[in-house]
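Subject: Handing over the structure

Hi there,

Here is the structure I promised to pass on to you. Have a look at it first, and then read my notes below.

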Amino acid sequence: MAKVFINKEKNNECLSGMETSPLTISSLTWFQALSPQLQELVSEGLQPFVGEIEEIRLRVKRPVLFRVGTKEMTVTAQKKFTLQLEQGYVITKEDLEKTVQILSQNSLYAWEDEFKNGYLTIPGGHRIGFVGRGVLEQGYLKTLKDLSGINYRIGRQILGCADDVLPYLVKREQIDHTLIISPPQCGKTTLLRDLVRQISTGIPELLFPGVNVGLVDERSEIAGMYQGEPQFQIGLRTDVLDACPKAQGMMMLIRSMSPGVIATDEIGKNEDVEALYHALQAGVKVITTVHGSSFEEIKARPNLQALINWRFFEKIIVLSRRKGVGTLEMILDGKNLEKLR
Amino acid sequence: MSMFKLLGAFCIVAGCSYLGLRIASIYRKRTELFRFLQNGLTLLETEINYTSTPLPLALERVGQKMHKDCQPLFIRAATVLQEKKGVTAAEAWAAGVRALGGEVPLTKEETELLYVFGHGLGGSAKEEQVKNIALTRKQLSLVEKVAEEEQVKNQKLWQYLGFSLGAVIVLILI
């Protein structure tokens with residue numbers, strides 16, 4: 001029953017053939033955000049995997065790790081690829097400093113908020129996370145110093161990955177309130193992004209004309225905003241409220257942009273639930289995601305329990321990684337909890 | 001023959017006067033430069049503090065607004081930052097200072113002052129950036145005063161000295 005929506009063919013098609021070509025490694029935006037030393041390691045040691053790297057982890061005094069699918073691999077100091085992770089090139093403090101310098105364009109002052117939040121978005125919509133020692137001011141985190149770890153999460157856009165799901169969500173000119181349940185790294189943001197794009201632009205096959213979509217992108221992950229420009233295709237009628245708290249953002253969008261659909265990532269707080277209620281009052285449809293591995297798990301969470309019991313969501317989609325990223329486990333009807341597929 | 005002599009004498013006087021004027025103008029240029037630099041730093045402060053513009057773009061924008069005499073500093077630093085991977089802000093700024101030194105003569109202390117400013121550039125929070133800029137601006141205003149005094153003292157002197165030197169050479173040769 002389960003189907004993998006992010007399969008190899010689609011993947012390549014959407015990477016426009018360029019990302020996998022070793023000749024154009026240097027044109028990849030995440031590659032440009034690596035220090036020269038690491039660029040060499042990647043371009044010489046990991047060439048065959050360059051198009052498929054999902055994560056790069058730099059941890060001080062430990063080997064650099066690359067995640068490709070579910071596998072982790074590394075590159076030795078001699079620029080040789082290996083699966084023996086201990087033999088990998090060991091990251092030094094200087095490597096991290098150089099990396100931060102490049103990421104911040106030598107301008108730490110310009111990314112103060114980002115450092116406080118622990119991540120920043122680079123051109124291409126990729127997200128870079130940091131850990132280090134917190135600097136507090138009156139009990140609140142002011143910034144991070146002595147960075148000890150950096151994580152590159154390489155975002156991919158897979159156009160058309162929502163094709164299998166959309167027929168279940170679109171009823172004539174209406175979209176259902178939808179909840180996507182998925183463990184981390186199973187493609188929930190990728191699916192949400194494509195849903196937003198198609199719903200916003202319109203879906204001729206389903207005779208759906210397209211509606212205004214308000215996107216509250218608290219962690220700049222869905223649209224990948226960089227200096228005010230979306231780095232991913234998010235549709236013709238999508239307004240993005242970038243780096244705004246979800247609940248506040250949803251209310252703002254309802255008032256300011258009169259969207260037909262609001263999309264947001266990872267709800268869970270009490271105020272989020274309240275904001276969903278307001279959206280319902282305003283007649284706005286909501287598409288959102290939540291971390292979790294099954295519907296049963298979500299039902300057990302106090303905040304979400306109320307939403308489920310209230311039958312707020314009309315469709316519930318569960319993703320997993322069973323047959324690769326983005327395996328579509330099931331789609332439930334939120335009203336009677338019947339399995340639709 | 002006397003025609004040639006006259007022409008030669010004219011050339012010597014004109015040449016020496018020109019040289020004198022050039023040297024005199026350097027004094028004026030230096031005073032202006034330090035004034036412009038202070039303006040430049042104020043613009044840079046705005047870019048950093050209010051619009052959080054990253055350095056490469058901030059320096060370029062400031063450079064475009066500046067007088068052509070101190071443009072090389074900002075434009076060169078911006079270009080180095082944009083083009084060279086892994087270069088630090090201090091290195092890029094130093095390259096800018098060297099480019100500036102090629103246009104207008106700077107003393108060792110003045111160059112040092114600008115280098116020190118570069119070391120604090122970019123690598124800290126806004127507050128610190130603003131402090132660094134304010135401190136450097138203050139020092140530049142002192143340097144400007146010294147340069148102005150030198151200008152008052154030497155500008156006229158060189159303007160006349162050039163002409164007089166030319167005249168003396170002509171008299172000796174005749």
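Let me begin with the place where the chains meet. Chain B gives 20 residues to the contact and chain A gives 17 residues, where contact means heavy atoms within 4.5 Å. Please keep in mind that this is a predicted model, in which local features need pLDDT of at least 70 and side-chain atom pairs count only at pLDDT 80 or more, while totals for chains, interfaces and linings use all residues. Residues are numbered from 1 along each chain as its sequence is written, chains are lettered from A and ligands numbered from 1 in the order in which they are written, and side-chain values use heavy atoms, with hydrogens and water left out.

**Chain B against chain A**

Together, the two chains bury about 1,300 Å², with 56% of it on carbon and sulfur atoms; buried area is the accessible area (1.4 Å probe) that two parts lose on being put together, summed over both. Pro54(B), Lys85(B) and Gly86(B) supply 39% of the area that chain B buries against chain A, more than any other three residues.

On the side of chain B that touches chain A, the residues divide into 10 nonpolar, 8 polar and 2 charged. Here Ala, Val, Leu, Ile, Met, Phe, Trp, Tyr, Cys and Pro count as nonpolar, Asp, Glu, Lys and Arg as charged, and the others, Gly among them, as polar.

**Inside chain A**

Chain A is assigned domain 1 (14-153) and domain 2 (166-333), with bounds from an automatic or database domain assignment. Their C-alpha centres lie 29 Å apart, and the contact takes 15 residues from domain 1 and 12 residues from domain 2. These domains bury about 1,100 Å² between them, 44% of it on carbon and sulfur atoms.

The count between the two domains is 3 salt bridges. Arg153(A) and Glu221(A) meet through their side chains in a salt bridge (3.5 Å, N to O).

Best wishes

Terms used. Salt bridge = Lys/Arg side-chain N within 4 Å of Asp/Glu carboxyl O.
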